[in-house]
Amino acid sequence: MHCISFLHCSLLLFLLGVWGIFFNRKNIVVMLMCIELMLLAVNLNFLIFSTYLDDLSGQIFSLLILTVAAAESSIGLALLVMYYRTRGTISIEYMNLLKG
Amino acid sequence: MHFFQNDFYFVLPELFLFGASLSLLMFGVIYSTSVSHGKPGLMKVMSWASIVCLAMTLGLVLNTPVHSTVVFSQSLLLDDLSTFFKFLILGGSILSILMSVQYFETENMRNFEYLVLVCLSTLSMLLLVASYDLISMYLALEMQSLCFYVLAASQRDSEFSTEAGLKYFLLGAFSSGVFLLGCSFLYGLTGLTNFEAYALFFAQQSNIYQTSDWIFVQIAFLFILLGFLFKLSAAPFHFWAPDVYEGAPTSVTAFFSIVPKVSIFGVFIKLFFCSFYELALLWQPVIIASGMLSLLVGAFGAFAQKKIKRLLVYSSIGHLGYMLLGLSCLTIEGLQSMLAYLIFYIVMTVHVFACVLALKDLKTGQRIRYVEDLKYLAQSQPLVACAFVLNFFSMAGIPPLAGFCAKFYVFFAALGASLYFFVAVALFSSIVSCFYYLRFIKFMYFHKETSVSVEYVQMDQQKAWMISITSYLLVYLFFCPTNVFLWSEKVALLFLN
């Protein structure tokens with residue numbers, strides 16, 4: 001099968017992540033999950049290219065992305081907990097203290 | 001077998017800073033929790049210790065024997081350009097800590113992690129400007145952003161600070177996702193991740209315009225540029241910057257507006273001028289468009305702002321537009337003028353934030369937040385008011401000051417590269433932005449309600465020195481900008497050869 005049909009899958013996942021961020025108006029945990037989905041879709045992209053090109057550096061890149069994504073989501077959750085402590089809500093609608 | 005045996009010598013400054021920040025962390029954790037010492041706050045000690053660490057790293061960087069070498073299987077490039085940027089980054093970090101020592105005390109901040117995070121993010125920026133591979137670049141970029149998310153939210157009990165941190169996190173993570181997608185397409189097209197390999201590849205593929213891969217090249221470049229412009233807070237992707245910079249504590253805002261611009265520009269120049277120079281026709285229009293939009297947003301966005309920090313953010317977006325203008329010339333003069341502008345920008349930003357951090361009302365304990373709060377300044381602190389005026393004139397580009405020199409040089413380089421329309425837009429926005437700089441001055445000097453007088457907290461010595469030295473530089477660099485220009489020209493020439 002051609003490389004493009006695999007790319008459809010990973011790009012679809014990426015777009016799902018982007019849509020989730022833009023159309024989600026309710027809570028931040030879902031947004032965190034969407035960011036993870038985006039990073040994983042990019043990972044899949046790297047792996048597809050890596051097998052297609054028979055080159056190892058894509059796999060190394062994807063392993064590193066996995067690690068960074070884990071660190072990123074842990075920081076995100078920590079920020080979320082802090083935000084909940086001060087505001088008592090994690091809804092996006094109330095994230096409007098800082099406006100011009 | 002000796003893996004990377006000699007490579008570790010070359011990255012000695014980075015290794016030193018890494019060890020030093022871990023030691024700072026250990027020190028902080030042990031002493032801040034020790035009951036026998038009464039759980040001390042440690043902010044003052046830690047800030048001086050981190051300044052010393054950064055200064056020693058600066059010494060190591062400046063005395064490096066290396067002029068051009070590639071280490072760690074081509075993932076880091078240590079050359080004069082990266083030394084130049086490392087100097088600016090370390091200097092900016094030192095100054096931004098130095099100007100906020102008093103702020104930590106008066107605002108009762110007790111989180112020493114702040115300084116460890118500043119050191120670690122400085123380390124990541126040092127690695128970022130040295131990176132020579134997509135993988136090392138991504139890792140350094142992510143390390144920098146992760147430190148910044150936490151720094152923005154470092155005032156844990158403030159609603160504004162936590163909200164700023166969370167907003168920064170969500171948008172920053174999104175932008176790095178998009179950036180990574182661009183990287184993955186680039187990898188898929190070429191099978192390469194090294195910058196030098198990209199340069200060789202694109203130099204050979206001169207007919208890539210006609211192949212069916214061209215659309216993928218376009219998509220990849222669009223996404224990578226989007227990621228970079230987002231991190232720079234250039235115009236179509238600037239919307240997060242005012243919110244984050246306003247919500248974060250002022251010391252963090254100063255750090256954010258001085259240092260990361262340098263590191264991102266450093267890696268941007270390296271990637272685009274070194275690897276993708278052959279494809280300049282593809283990415284130059286994007287830079288031009290973003291630069292023009294930044295100029296206009298910087299000029300017009302600031303009109304509606306009443307808060308000082310937001311206004312300064314818009315002004316820095318405007319300055320970014322001038323730097324992008326210099327960058328989009330694609331010539332040595334353009335690069336040189338952009339590097340010189342970067343130096344002038346750092347001097348002006350250090351100056352203005354030192355002034356803003358110094359002003360705290362003695363009676364009410366309020367910091368100045370609104371532009372209107374400046375109206376008592378000319379009476380109670382005439383010298384600070386004078387320094388403010390000097391800086392705003394310089395930012396607006398009024399002749400006997402450094403800002404004029406910087407702008408003039410950028411315009412000159414852009415005219416040389418026949419970017420006439422861009423220069424016209426830049427001139428127009430420069431004139432428009434004079435308006436809001438003058439509004440500051442109007443509030444300070446021409447607001448006659450002299451019944452109330454406000455006393456401010458006395459400024460500490462470091463800030464007084466900083467303000468006076470940078471004020472001196474603002475005037476001096478207009479009359480003798482030779483050193484700055486020679487230095488930036490040397491770096492630009494070495495780089496483009």
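At what angle do the axes of helix 4 (residues 80–98) and helix 6 (residues 113–130) of chain B cross, and within what distance do they come? In this predicted model, the two axes come within 9 Å and cross at roughly 165 degrees. Angles over 145 degrees count as roughly antiparallel, so helix 4 of chain B is roughly antiparallel to helix 6 of chain B. The crossing is right-handed.

Residues from both helices make this contact. Helix 4 of chain B supplies B:Ser82, B:Phe85, B:Lys86, B:Ile89, B:Leu90, B:Ser93 and B:Ile97. Helix 6 of chain B supplies B:Leu115, B:Val118, B:Thr122, B:Met125, B:Leu126, B:Val129 and B:Ala130. By class, the contact has 10 nonpolar, 3 polar and 1 charged residues.

Next, the interface between the chains.

| Item, chain A with chain B | Value |
|---|---|
| Residues from chain A | 42 residues |
| Residues from chain B | 42 residues |
| Buried area | about 3,800 Å² |
| Share on carbon and sulfur atoms | 80% |
| Salt bridges between the chains | 1 salt bridge |

Side chains of opposite charge can pair when their charged atoms come close. Which residues meet in a salt bridge at 3.1 Å, N to O? They are A:Arg87 and B:Glu163. Over all chains, the structure holds 11 salt bridges; the count between chain A and chain B is 1.

Methods: Residues are numbered from 1 along each chain as its sequence is written. Chains are lettered from A and ligands numbered from 1 in the order in which they are written. This is a predicted model: local features need pLDDT of at least 70, side-chain atom pairs count only at pLDDT 80 or more; totals for chains, interfaces and linings use all residues. Side-chain values use heavy atoms; hydrogens and water are left out. Axes are lines fitted to C-alpha atoms, for helices over the stretch in contact, and angles run from 0 to 180 degrees between N-to-C directions. Helices (H or I, at least four residues) and strands (E, at least two) are DSSP runs, numbered from the N terminus. Angles under 35 degrees count as roughly parallel, over 145 as roughly antiparallel, 65 to 115 as roughly perpendicular and the rest as oblique. A crossing is left-handed if the near helix is turned anticlockwise from the far one by less than a right angle, and right-handed if clockwise. Contact means heavy atoms within 4.5 Å. Ala, Val, Leu, Ile, Met, Phe, Trp, Tyr, Cys and Pro count as nonpolar, Asp, Glu, Lys and Arg as charged, and the others, Gly among them, as polar. Buried area is the accessible area (1.4 Å probe) that two parts lose on being put together, summed over both. A salt bridge is a side-chain nitrogen of Lys or Arg within 4 Å of a carboxyl oxygen of Asp or Glu.
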